[in-house]
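Thanks, everyone. Let me put the structure up, and then I'll walk you through it.

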Amino acid sequence: MPVESHPSVSVWAGQLPDGAGTPAVLAAAATGVVAFIERLGGDVDGIFGNAGIAPDMAGAPTLKLSLNAYCTLFEEASKRTHHDNFGLWFGHQFQPRDLGLWGYAVVSAPTLGAALDQLVTLFPYHQEQSSMRLAAAPDGLLRLEYKIDAPQIIDRRQDAELSLGMFQNVFRESLGRQWAAEEVHFEHPRPADWHDHEKAFGAPVIFSQPTNALLFRRQALAHAMPGRDGRLMDMMRMCLEKLARRADLRESIADRVRSAIRARLPDGYPALEVIAAALRLSPAAVQRALAREGLSYVTLIEMTRRELALAYMRQRQLPFSEIALLLGYSELSAFSRAVRRWTGASPSAYRARALSAS
């Protein structure tokens, strides 16, 4: 169903059927990363070794990587090359065809609207326990949204920035290299060198949002794709469908609750009723499901806050007051007490220790 056939609100959700397991991503998403690391003077073997991936796996069109290892690869590349915006600039230069089967299906669509339809509907074959959708925004713009839903993947800033850069280049395939979104949203907090983001996207960039998104005008959908080829598009789609495993992965109820908690923490401590409503379950059903996994709702919030706090405190530029707000604490003192409970140290002492060890 083409995007442009819905004049009011158009929504496609790109998410795998529920199942259990470790999420994966097609290795084509890492095409060119070895050369990019080398260009920045990085230790390829050390970076890939820490991620648990062999360098020759990057870019293989039919090979799947652990999504967690893939995200770790880019976080390690950023740290070891001393380029905080590694993912941003990697995505900026990444061309849609480098995505392999998925990318060729997208660029061979007849119009940009059809290309975005291919991007979203085929996304579950490319990456698991993640979601993408195209939706209308209240201001008349459209939003291309992307998010990793797997709650165990905490450090995913580099992935978010490289992914939106990749998706931006789908638009530029049709509209030219100067095209820019109206706004760009990221779910992670604002990094130190955030001016680079506005330079790369040519648009206002807003951080600490519920999801990652490119906001753009509806008129763009009608533009033709220069490489349109209906037979190639259908062939790539069939290849992706054959490649995908039929018994796909499923998030547990606990995983879904953790994802919902993470998205709502900046608004304060999320009530069980709010999370249950977001999942279209009753509060009692959520509690029963968590109990079957040996968890309680309060414990899950504590776990989510702790994981995010330890990740955020390793980011030197983030004030503790901002981290407290991102984790739903109304006062810095409450956050400080929680950090002492988790680590036995104050936030400043933990940060100093973590940074000296990295």
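Predicted model: local features only at pLDDT ≥ 70, side-chain atom pairs only at ≥ 80, totals over all residues.

The overall picture. We have 17 helices and eight strands in the chain. Along the principal axes, the C-alpha trace spans about 60 × 50 × 40 Å. How much of the chain is buried? Of the 358 residues, 53% count as buried. Now contacts. Take those between residues at least 6 apart in sequence: 71% of them join residues at least 24 apart.

On to helix packing. Two packed helices are described by the angle between their axes and the distance between the axes. I have two pairs to show.

Pair one is helix 4, residues 86-93, with helix 8, residues 157-175. The angle is about 20°, and the axes are 7 Å apart. Why call this pair roughly parallel? Angles under 35 degrees count as roughly parallel, and helix 4 and helix 8 therefore fall in that class. The crossing of helix 4 past helix 8 is right-handed. Who makes the contact? From helix 4 come Phe86, Gly87, Leu88, Phe90, Gly91, His92 and Gln93. From helix 8 come Gln158, Glu161, Leu162, Gly165, Met166, Gln168, Asn169 and Arg172. By class, that contact has five nonpolar, eight polar and two charged residues.

Pair two is helix 16, residues 332-343, and helix 17, residues 347-357. Their axes come within 9 Å and cross at roughly 50°. Helix 16 and helix 17 are therefore oblique to each other. On the helix 16 side, the contact uses Phe335, Ser336, Val339 and Thr343. On the helix 17 side, look for Pro347, Tyr350 and Arg353. The classes here are four nonpolar, two polar and one charged.

Next, burial. Look at helix 6, residues 112-121. How many of its ten residues are buried? Nine of them, so this helix is mostly covered. The buried ones are Leu112, Gly113, Ala114, Ala115, Leu116, Asp117, Gln118, Leu119 and Val120. Note that Asp117 and Gln118 are on that list.

Now move to helix 7, residues 123-126, and find histidine 126. Is histidine 126 buried or exposed? Its relative accessible area is 2%, so it is buried. Set aside residues up to four places away in sequence. Histidine 126 then touches Ala24, Val25, Leu26, Ala29, Leu99 and Trp102.

Compare another histidine, histidine 82. You'll find histidine 82 in the loop between helix 3, residues 67-81, and helix 4. Histidine 82 is exposed, at 71% relative accessible area. Its backbone deserves a look too: phi is positive, about 60°, although histidine 82 is not a glycine.

Which loop holds serine 208? The one between strand 7, residues 205-206, and strand 8, residues 212-216. Serine 208 also has a positive phi, about 55°, and is not a glycine. With 28% relative accessibility, serine 208 counts as partly exposed.

Stay with the strands for glutamate 183. It sits in strand 6, residues 183-185. Glutamate 183 is partly exposed, with a relative accessible area of 26%. What does glutamate 183 touch, not counting residues up to four places away in sequence? Pro204, Ile206, Ala213, Leu214 and Leu215. Take Ile206 from that list. Isoleucine 206 is 23 residues from glutamate 183 along the chain, and their C-alpha atoms are separated by 7.6 Å.

Last stop, proline 266. Where is proline 266? In the loop between helix 11, residues 253-264, and helix 12, residues 272-278. Proline 266 is partly exposed, with 40% relative accessible area. Leave aside its neighbours within four places in sequence, and proline 266 is in contact with Leu325 and Leu326. Alanine 324 lies 58 residues from proline 266 in sequence, yet 8.7 Å in space, C-alpha to C-alpha.

To recap: helix 4 and helix 8 are roughly parallel, helix 16 and helix 17 are oblique, and helix 6 is mostly covered. Thanks, and over to you.

How values were computed
Residues numbered from 1 in each chain as written. Heavy atoms only, no water. Axes fitted to C-alpha atoms, helices over the stretch in contact; angles between N-to-C directions. Helix = DSSP H or I, 4+ residues; strand = E, 2+ residues; numbered from the N terminus. Parallel < 35°, antiparallel > 145°, perpendicular 65-115°, else oblique. Left-handed = near helix turned anticlockwise from the far one by under 90°. Contact = heavy atoms within 4.5 Å. Nonpolar A, V, L, I, M, F, W, Y, C, P; charged D, E, K, R; others polar. Buried < 20%, exposed > 50% of the residue type's maximum accessible area, 1.4 Å probe, protein only.
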